[in-house]
Amino acid sequence: MKYYIVIPAHNEQDLIGLTLQSLVSQTVLPSKVVVVNDNSTDKTEEVVLEFAKENPYISVVNKTSDAIHMPGSKVIQAFQKGFETLDSDYDIIVKIDGDLIFPPNYFETIIKHFESDTKIGMVGGFCYIDKNGEWVLENLTDKDHIRGALKAYRKETFQQIGGLRPAMGWDTVDELLCKYYDWKVVTDESLHVKHLKPTGANYNKTARYKQGEAFYTLGYGFWITAIASAKLAMMKKKPFLFLDYIRGFWKAKKAKTPLLVTPEQAKFIRNYRFQKMKEKLI
C-alpha cells in the first residue's frame, strides 16, 4: 500500500529534521512527503530542502497565515494546502506534526493493520513525552483515540468523512464520523512515537475557550460537554479549565456557531458518547 504524508510546520527548524530523519529511515518508505511551511520565520524551509536533495519524494510548500497559534483551524488549513498538491494515487493519507520521531517500523506496522481488515479506516500509535529523561505516555485521551499529531486514514475513509474540518475538534469528529460510516479505528500500543513538544505548549490564552466550543460543534449537548470537560481538566491536572470549557460551550451556543456535523450525525455522536460513558460505569 502506498502512503502519502502531509506535515504542517510552523517554526520547526530545530525538530523537523529529526522527524524527516525518522521518515527516511522507515522500513517501508513513504511515496510522497509534503511539508507545508506555514508562515515560518526561521530556517524550517532550508532544513526540509536539505532532505529533499537526497530524498526526491520530499517537497516543501510555502503558506502565509496568521502567526497566532490557535488549535485546529490553522493546522488543518496548512494540511489542506499540502494535500491539494498531491495526486490521488495513494492508499493511505497521513497527517503528522513536525515534532515527532517515529520508530523505524512505524509505517510498515500501520500498513499491516490496514491490510488485515478492509473495514479499518484509521490507524495510529501513541505519543510519548520526555519527563525527567524518561519517555512516558502523553496521557491526554482514551487509549482508543488516535492523537491529532499522527493520523493515518484509508483513502476511501478519508473521502467518505469529507476530509478534515478546519476547526478545533477535527481530530475527534474524524473518528466519530468513521464510526458513523461503520469504519473501524485502530490504535497500536506497541508503536511508541516521541513527541518532542507537549500538546498545547504554544497555544495562546484565547485558545482556552476553544475546547468548549469544539464540544458544542461536535453536537455533544450540555451534559456530555460537562462530563468531557471535567475529565479533560482533570487529565491536564488543571481543574479550573473546566469553567473555561463550559464558558466556551455557552459562548458557541449563544453565537449559534455552525456544527461540524449534520443533525443526524450529531444524534449518532451523542448516543455513541452516552454508550461509551455507560460502559465505563458498569
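View 1. The backbone oxygen of Asn105 lies 2.7 Å from a polar atom of the Thr109 side chain. The model shown here and in the other views is predicted. Thr109 sits in helix H4, which spans residues 106–116. With a relative accessible area of 16%, Thr109 is buried, because it falls under the 20% cut-off. Leaving aside residues up to four places away in sequence, Thr109 touches Asp188 and Leu191.

**View 2. Thr157 in helix H5.** Helix H5 covers residues 155–160 and contains Thr157. The relative accessibility of Thr157 is 0%, so this residue counts as buried. Its contacts, not counting residues up to four places away in sequence, are Gly121, Cys178 and Trp183.

**View 3. Gly121 in strand E6.** Strand E6 runs over residues 120–131 and includes Gly121. Gly121 has 0% relative accessibility and therefore counts as buried. Beyond residues up to four places away in sequence, Gly121 touches Phe114, Ala152, Tyr153, Arg154, Thr157, Trp183 and Lys184. Gly121 and Val186 are 65 residues apart in sequence, yet their C-alpha atoms are 8.1 Å apart in space.

**View 4. The salt bridge of Lys184 and Asp117.** The two side chains meet with an N to O distance of 2.5 Å. Lys184 belongs to strand E9 (residues 184–195), while Asp117 is in the loop between H4 and E6, so the pair ties together parts that are 67 residues apart in sequence. Lys184 is partly exposed, at a relative accessible area of 43%. Lys184 is also among the residues that touch Gly121.

**View 5. The salt bridge of Lys95 and Asp97.** The closest N and O atoms of Asp97 and Lys95 are 2.6 Å apart. Lys95 has a relative accessibility of 1%, so it counts as buried.

**View 6. A salt-bridge network.** Lys151, Asp174 and Glu175 are linked in a network of salt bridges. By the rule used, the count of salt bridges comes to 15.

View 7. Domain 1 covers 3–195 and domain 2 covers 207–280. The count of salt bridges between domain 1 and domain 2 is one. The side chains of Asp144 and Lys276 form a salt bridge, 2.8 Å from N to O. This pair links distant parts of the chain, 132 residues apart. Asp144 is in the loop between strand E7 (134–137) and strand E8 (150–154), and Lys276 is in helix H10 (residues 263–281). Asp144 is partly exposed, with a relative accessible area of 30%.

**View 8. The interface between domain 1 and domain 2.** The domain centres, taken over C-alpha atoms, are separated by 25 Å. In the interface, 18 residues of domain 1 are in contact with 21 residues of domain 2. The buried area between the domains is about 1,700 Å², and carbon and sulfur atoms give 68% of this area. Five residue pairs are in polar contact across the interface, with both residues at pLDDT 80 or more. The side of domain 1 that touches domain 2 has 10 nonpolar, four polar and four charged residues.

Terms used
Residues numbered from 1 in each chain as written. Predicted model: local features only at pLDDT ≥ 70, side-chain atom pairs only at ≥ 80, totals over all residues. Heavy atoms only, no water. Domains from an automatic or database assignment. Contact = heavy atoms within 4.5 Å. Buried area = accessible area lost by both parts, 1.4 Å probe. Salt bridge = Lys/Arg side-chain N within 4 Å of Asp/Glu carboxyl O. Polar contact = N/O pair within 3.5 Å; in protein donor to acceptor, adjacent residues only side chain to side chain. Nonpolar A, V, L, I, M, F, W, Y, C, P; charged D, E, K, R; others polar. Helix = DSSP H or I, 4+ residues; strand = E, 2+ residues; numbered from the N terminus. Buried < 20%, exposed > 50% of the residue type's maximum accessible area, 1.4 Å probe, protein only.
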